[in-house]
Each structure stands twice: as C-alpha cells, then as structure tokens.
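Good morning, everyone, and thank you for making time for this. Please have the sequence and the model open beside you while I talk.

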Amino acid sequence: MPSELWPYATPGIPDELFEHLPGIPLTQREIRLLLISQLRLEPDSVLWDIGAGTGTIPVEVGLLCPKGRIIAVERDEEVANLIKRNCDRFDVKNVEIVEGSAPECLHEIKTMPHRVCIEGGRPIQDILQTVWQYLPSSGRVIATAANLESLYVISQSLSQLQARNIEVVQSAVNRLETRGFSQTFAAVDPIFILSGEKLD
C-alpha cells in the first residue's frame with residue numbers, strides 16, 4: 001500500500017527520502033531492487049531482515065506486501081530507533097523491530113520466516129546455520145557479501161546446508177552525478193547477493 005511519501009506501487013524509493021545516520025549502512029536503491037527480486041515474496045510472506053541497518057528493506061517490503069510481516073533484527077538501540085522512524089515516515093505498520101545480536105536473539109522471535117535476508121552480522125556462518133533451522137521447506141535465504149572473505153564463507157555455508165537453486169549476482173551500477181560543470185557516471189560499490197532455497 002503506497003504511502004504519502006512514496007505513492008507508487010513499485011519499489012525503488014530514492015535513498016535521500018530515508019532518514020539516515022553517519023556510519024550506518026543504507027542499502028542503496030538499485031541494490032535494494034536486486035535484493036527484493038531475489039526474495040521472491042508472496043503477499044503474506046514473513047521476512048526476517050537480519051542486520052536491518054537504516055531499515056530500507058523493511059520499508060520497501062512493508063509497502064509491497066501490506067499483508068506480510070517483517071521482523072527487522074538490529075543489535076544497536078540507536079539504529080533500531082532509526083528503523084522505527086523510517087517506518088513511521090512511510091506509514092509502514094507491519095514491521096516489528098527486534099533489538100539484539102544474531103544469532104543469539106533469534107530464538108525470541110515467535111513468528112517463523114518464509115524468507116530471510118542477511119545484510120549484516122559478523123558471525124555470518126552461525127547466522128546462516130541458525131536461520132536454516134527456522135525456515136520451512138521452500139523457504140529462501142538471501143545474504144550479501146561486500147568482500148571476498150564473506151563471499152567465500154556464505155558460499156561454503158550454503159553448500160554445507162545443502163541449499164538448492166543457489167544463485168549469485170554481482171551488482172554493477174553507475175549513477176549519473178553532477179560534478180562542477182559536468183556530468184559523469186559514478187560507480188555504486190559492487191556487492192554480491194547470494195540466494196538459496198531449503199528443499200527437504
């Protein structure tokens with residue numbers, strides 16, 4: 001359901017419409033679109049977003065799937081409050097914020113996920129193994145990697161978990177920017193998006 005600030009049915013909210021804090025990750029619009037497409041959401045999907053940061057994914061998914069439910073997991077109180085403010089900005093009502101460190105806090109969540117998006121968390125292998133236990137058959141997990149080490153660990157973990165239909169996408173996005181009197185293309189930091197399904 002569209003909000004006053006973003007009255008459109010399509011995702012892709014401009015980054016500048018979100019409130020953000022210095023040093024807190026913000027998943028940029030084009031990366032967000034790739035992530036959401038990999039989630040393969042259904043109208044009533046339950047999504048766990050682990051390492052929700054600024055809250056861009058919870059807001060976008062909350063608007064796309066008003067009958068769904070989003071659990072945003074964030075360990076820092078100030079950042080958790082930022083997610084709440086961004087949900088309020090866009091009048092998103094179906095996001096629950098869980099303040100805590102994954103994977104330790106995940107057992108507190110009462111609603112089991114259909115989809116899991118992992119955007120942060122140092123013990124990525126532990127997080128993947130833990131969320132896998134909560135996923136139903138046909139559930140999907142998406143994880144992002146900004147460096148080679150994370151890419152290797154996530155890939156290895158998905159293999160160990162015997163995930164099916166694994167996909168890996170690397171973003172390559174350039175944005176037109178004005179610098180002085182000229183316009184030039186500036187690259188958005190590339191990121192790997194890995195996805196896999198649990199098929200019993």
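Predicted model: local features only at pLDDT ≥ 70, side-chain atom pairs only at ≥ 80, totals over all residues.

Let me begin with a single side chain, Lys93, which is exposed, with a relative accessible area of 69%; here buried means under 20% relative accessible area, exposed means over 50%, and partly exposed lies in between, with a 1.4 Å probe and protein chains only. Lys93 meets Asp91 in a salt bridge at 3.2 Å, N to O, and by salt bridge I mean a side-chain nitrogen of Lys or Arg within 4 Å of a carboxyl oxygen of Asp or Glu.

Residues are numbered from 1 along each chain as its sequence is written, and side-chain values use heavy atoms, with hydrogens and water left out.

How many salt bridges does the structure hold? There are 12 salt bridges, and one of them joins the side chains of Glu96 and Arg69 at 2.6 Å, N to O. Glu96 belongs to strand β3 (residues 95-99) and Arg69 to strand β2 (residues 69-74), so this pair ties together parts that are 27 residues apart in sequence. Helices (H or I, at least four residues) and strands (E, at least two) are DSSP runs, numbered from the N terminus. Both partners count as partly exposed, Glu96 at 32% relative accessibility and Arg69 at 34%.

Another salt bridge brings Asp15 and Arg175 together at 2.9 Å, N to O. This pair links distant parts of the chain, 160 residues apart, with Asp15 in the segment before α1 (29-39) and Arg175 in strand β7 (residues 174-179). Asp15 is buried, at 11% relative accessible area, whereas Arg175 is partly exposed, at 21%. These two residues also belong to a network of salt bridges with Glu30, Arg32 and Glu60.

Glu60 takes us to helix α2, where it is among the buried residues. Helix α2 (residues 56-64) is mostly covered, with 8 of its 9 residues buried, and what covers those buried residues includes α1, β1 (46-50), β2, α3 (77-89) and β3.

Finally, stepping back to the whole protein chain, its secondary structure comes to 5 helices and 9 strands, and buried residues make up 48% of its 200 residues.

Terms used: Contact = heavy atoms within 4.5 Å.
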